[in-house]
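Please keep the viewer open beside the text as you read.

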Amino acid sequence: MATTKKYFGNKTLRLQDCKKQGLCVPPFVAIPSTLSGRLFKDAKFRTETAEKILQEIPNCHYAVRSSALLEDSPNHSFAGQFETKINVSPQHLSQAIYEVLSQASEYLKGDLGSFS
């Protein structure tokens with residue numbers, strides 16, 4: 001898990017734990033922090049990623065939210081600092097990803113490396 005923690009925030013890791021324990025967790029896709037910057041800057045890559053998500057989890061509506069590496073630390077919790085998009089239609093998934101990353105980029109002053 002130590003390697004995984006380098007790329008995913010605590011929300012993602014806890015969801016994975018719950019799933020492994022057999023708890024009912026809605027399907028989700030976690031995008032590693034190493035791809036956040038590319039997703040933000042590269043519209044084609046963002047569209048391709050959204051299309052892959054739609055293929056993997058065909059649904060009517062989606063939620064797009066962060067699981068930033070810096071949201072939880074041993075001494076602080078910053079959960080809820082980043083934008084969350086809910087009830088996102090398939091045709092707006094790529095745009096919602098961009099909007100969440102855009103707000104995070106502004107908050108983090110362009111350093112999306114600590115964002116997932």
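Predicted model: local features only at pLDDT ≥ 70, side-chain atom pairs only at ≥ 80, totals over all residues.

**Overall layout**

The chain holds five helices and two strands. Of the 116 residues in the chain, 33% are buried. If you take the contacts between residues at least 6 apart in sequence, 59% of them join residues at least 24 apart.

**Helix α2**

Helix α2 spans residues 10-20, and its buried residues are Asn-10, Thr-12 and Leu-13. These residues sit on the same side of α2, because the arc they cover around the axis is only 160°. Just after α2 comes Gly-22, with a positive phi of about 85°.

**Aromatic rings**

How many aromatic pairs does the structure hold? There is one. A pair of aromatic rings is described by the distance of the centres and the angle of the planes. Here the partners are Phe-40 and Tyr-98, which are stacked, with 5.3 Å centre to centre and 15° between the planes. Phe-40 belongs to helix α3 (residues 36-41) and Tyr-98 to helix α5 (residues 93-107), so the pair ties together parts that are 58 residues apart in sequence.

Another ring to look at is that of Phe-45: Arg-38 lies over its face, 3.8 Å from the ring centre.

**Gln-103 and its contacts**

Returning to helix α5, you will find Gln-103 there. Which residues does Gln-103 touch, not counting residues up to four places away in sequence? They are Gln-81, Phe-82 and Glu-83. Gln-103 and Gln-81 are 22 residues apart in sequence, and their C-alpha atoms are 9.6 Å apart in space.

**Accessibility side by side**

| Residue | Relative accessibility | Class |
|---|---|---|
| Phe-40 | 19% | buried |
| Tyr-98 | 29% | partly exposed |
| Gln-103 | 23% | partly exposed |

Why does Phe-40 count as buried? Its relative accessibility is 19%, and buried means under 20%.

Note on methods. Residues numbered from 1 in each chain as written. Heavy atoms only, no water. Helix = DSSP H or I, 4+ residues; strand = E, 2+ residues; numbered from the N terminus. Buried < 20%, exposed > 50% of the residue type's maximum accessible area, 1.4 Å probe, protein only. Contact = heavy atoms within 4.5 Å. Arc of directions from axis to C-beta. Phe/Tyr/Trp six-rings, centres within 6.5 Å; stacked < 30°, edge-to-face > 60°. Lys NZ or Arg CZ within 6 Å of the ring centre and 35° of its normal.
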